[in-house]
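The exercises below are to be worked with the sequence and the coordinates side by side. Each opens with a task and continues with a solution in steps.

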Amino acid sequence: MINWSNVTESGHQELDLKPEELQKSKCVLGFIPVIYYSILLCVGVPVNILTAVALSRLACRTKKALYYYLLAVTGSDILSQLFIIFVGFLLETAVFHRDVPALLLHSVSAAEFAANHASIWSTVPLTVDRYVALCHPLLHRQISYPARARKIIAVVLALSLASGVPFFWWSDMWRNSNPPTALDTVLIWTHVTIIYFLPCSIFLVLNSLIIQTLRVRQKQQRCQEERGPKSAPPRRLGKTTAMLLAITSVFSVLWAPRTIVVIYHLYVSSVHRDWRVHLAYDLSNMLAMLNTAVNFFLYCFVSKPFRSAVRDVVLLRGGPLYPHRALPQQQAPTNASVSSLYSGNNKRSQRDSTPLSPHRARKPS
């Protein structure tokens, strides 16, 4: 982000600066971060609101836990955009030049970290849900339902809010000229562990198990094809699983540079003194914040039901948010079915959400 106090001044103003202030790193990017974050905010917030409305419709119609997890991810992304991009980068730094009370700065810092943690860790229950659905389908039918999904989301958000409190004492890496203290070291390592190393480890393990399970099933199906002509078609990688792999992979790629730069700042060279580290830190923050606005396009690329829901919202049309009451024998398979964002389950969800006509409800005489 732009660091107005880091720009080297000439003339008589430079004579009034202290020696440590003369060593401040330059902000090479100039106004580019302000333009970038403004565009990202103007595009990302409306897109995420549209995503939230579409996912809310799908969640109410289908009663699938998957949509509730995706809705939690979208809501957390909106909070990250508001607190980190709008309040932190644009208002505090670009507009007020951080000339605000210290208590407000630290409070906003804690809120930024809480929103950041919620945005990242909301993806973890989604990954666990997909793993259980593919590797333990019978167990998934018993434990995956909307009420439990809402409780899990509430716990994740509460823990994310609590995890942001210690970062009230986060040091300003752009402006702090002192070497990192012991508290800075603890907070930085806690930060990179919470936002990158721990969630990426979970993503790597669960996604590897998912891929391995699908490969084993494909081998078993090939063996069945060789033994007899009558066998089920080979099961390919579902679009929901592909979407999950894309979400976690994009997150891992976009957040890796920032993690590396923060650790480099801690042990090698300070952002405050080295303009190259300053530049790398600005660019890495820009990449990391891009992660809050890309999920909409992944959903549109993968999911036909999501595209239909978005089209209905944009055109102000569509059915009611809440489904009609279905017969008891229809509700059980709907709640126990394996959640899928793929359009292959769209017909079944439409059948579950549409009441039977009087002629179909009566038994033939």
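Among contacts (heavy atoms within 4.5 Å) in the protein between residues at least 6 apart in sequence, 82% join residues at least 24 apart. The model is a predicted one, in which local features need pLDDT of at least 70 and side-chain atom pairs count only at pLDDT 80 or more, while totals for chains, interfaces and linings use all residues. Residues are numbered from 1 along each chain as its sequence is written, and side-chain values use heavy atoms, with hydrogens and water left out.

**Exercise 1.** Classify the ring pair of Phe251 and Trp255 as stacked, tilted or edge-to-face, and state whether each residue is buried or exposed.

Solution. Rings of Phe, Tyr and Trp (its six-membered ring) pair if their centres lie within 6.5 Å, and planes under 30 degrees apart count as stacked, over 60 as edge-to-face and the rest as tilted. By this rule the count comes to 15 aromatic pairs. One of them, Phe168 with Trp169, is edge-to-face, at 5.2 Å centre to centre and 75° between the planes; Phe168 is partly exposed at 24% relative accessible area, whereas Trp169 is exposed at 52%. For Phe251 and Trp255 the centres are 6.3 Å apart and the planes stand at 45°, so this pair is tilted. Both residues lie in helix 10 (residues 239-267), four residues apart, about one turn of the helix. Phe251 is buried at 5%, and Trp255 is buried at 3%. The two residues also belong to one aromatic cluster with Trp189, Tyr196, Phe197, Phe203 and Tyr267.

**Exercise 2.** Describe how helix 6 (residues 123-135) and helix 10 pack, giving the angle and the distance between their axes.

Solution. With axes as lines fitted to C-alpha atoms over the stretch in contact, and angles running from 0 to 180 degrees between N-to-C directions, the packing angle is about 145° and the axes are 11 Å apart. Helix 6 supplies Thr123, Leu126, Thr127, Arg130 and Leu134 to the contact, and helix 10 supplies Thr240, Thr241, Leu244, Ile247 and Thr248.

**Exercise 3.** Identify which residues touch the most other members of the largest nonpolar core, and which helix gives the largest share of this core.

Solution. A nonpolar core is a set of buried Ala, Val, Leu, Ile, Met, Phe, Trp, Tyr and Cys residues joined through side-chain atoms within 4.5 Å. The largest one has 36 residues, of which Leu70, Ile210, Phe296, Tyr299 and Phe306 touch the most other members. Its largest share, eight residues, comes from helix 4. Not counting residues up to four places away in sequence, Phe306 touches Thr51, Ala54, Leu55, Leu58, Phe296, Tyr299 and Cys300. Apart from this core lies another, of 27 residues, including Phe89, Val156, Ile194 and Met289.

**Exercise 4.** Locate His117 in its helix, and state whether His117 is buried or exposed.

Solution. His117 has its place in helix 5 (residues 102-121). The relative accessible area of His117 is 1%, so His117 is buried. Among the residues that His117 touches, not counting those up to four places away in sequence, are Ser160, Phe167, His191 and Ile194.

Notes: Buried < 20%, exposed > 50% of the residue type's maximum accessible area, 1.4 Å probe, protein only. Helix = DSSP H or I, 4+ residues; strand = E, 2+ residues; numbered from the N terminus.
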